[in-house]
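Hi everyone, thanks for making time for this one. Let me put the sequence and the structure on the screen, and then I'll walk you through the charged pairs and the packing.

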Amino acid sequence: MTEFNNLYEAIVAGKLEPAVEITTQAIAEGVAPQSLINDYMIKAMEEIGQRYQDGKAFVPQLLMSGRAMKGALELLRPLLQGEAASTLGKVVIGTVKGDLHDIGKNLVASMLEGCGFEVINIGIDVPSKKFIEAIREHNADILCISALLTTTMTYMKTVIDALEEAGIRDKVKVMVGGAPVDENFALEIGADGYSSNANSAVSKAKELMGLC
């Protein structure tokens, strides 16, 4: 399996085409998809995430690694259907109503997906009703809400209140993040967790799932 260390290197380096080529080769050789994901892809995303946290990598590198990982993962998805549940949990993620920013949200989504979560990214400018519909449709374990503006961050409380009214607040963990958001705000609005960056979001999600 050491020949597939190139897959790890390609994802860490953010090189989409080599990642896809190596994954295609691995599939042709009959390598178990879950082995590629667990032994190479997840470890690569954890590595680039750690580099980002340590100030040794930056947003463009994270985005490129996420893109390379997703390209490889798309090839493996059809082969995973019918396998026993292999994800750490289901996450619905979106940017709140009135806010059109998505780079940070997409970074978090890529990191979560790369580290073993199933992610349903419902986009930007999302009203509370759409969050609730997605949680119900996908039976999500975690809801990640993002906001980049002080004028839109208060809508996070609206979403949490809507979950209460819909009777599903106790069925889903709520994580919040974005530039104006902090730990105190998360506590004030009744969120279960807060993260300041994509790497810590993965750690927090695992913690909320009881995995660490």
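**Salt bridges and cores**

Let's start with Lys 157, which is partly exposed at a relative accessible area of 32%; here buried means under 20% relative accessible area, exposed over 50%, and partly exposed in between, with a 1.4 Å probe and protein chains only. Before I go on, this is a predicted model: local features need pLDDT of at least 70 and side-chain atom pairs count only at pLDDT 80 or more, while totals for chains, interfaces and linings use all residues. Residues are numbered from 1 along each chain as its sequence is written, and side-chain values use heavy atoms, with hydrogens and water left out.

So who is the partner of Lys 157? Lys 157 forms a salt bridge with Asp 161, with 2.9 Å between the closest N and O atoms. For the cut-off, a salt bridge is a side-chain nitrogen of Lys or Arg within 4 Å of a carboxyl oxygen of Asp or Glu. Both residues sit in helix 8 (residues 155-166), 4 residues apart, or about one turn of the helix. Helices are DSSP runs of H or I with at least four residues, strands are E runs of at least two, and both are numbered from the N terminus. Asp 161 is partly exposed too, at 31%.

By this rule, the count comes to 8 salt bridges. Another one joins Glu 47 and Arg 51, at 2.7 Å from N to O. These two are 4 residues apart in helix 3, so about one helical turn separates them.

On to the packing. In soluble globular proteins, nonpolar side chains tend to be buried together. A nonpolar core here is a set of buried Ala, Val, Leu, Ile, Met, Phe, Trp, Tyr and Cys residues joined through side-chain atoms within 4.5 Å. The largest one has 43 residues, and Leu 7 and Leu 36 are among those with the most contacts inside it. Which helix gives the most to this core? That is helix 3, with 8 residues. A second, separate core has 30 residues, including Ile 122 and Val 181.
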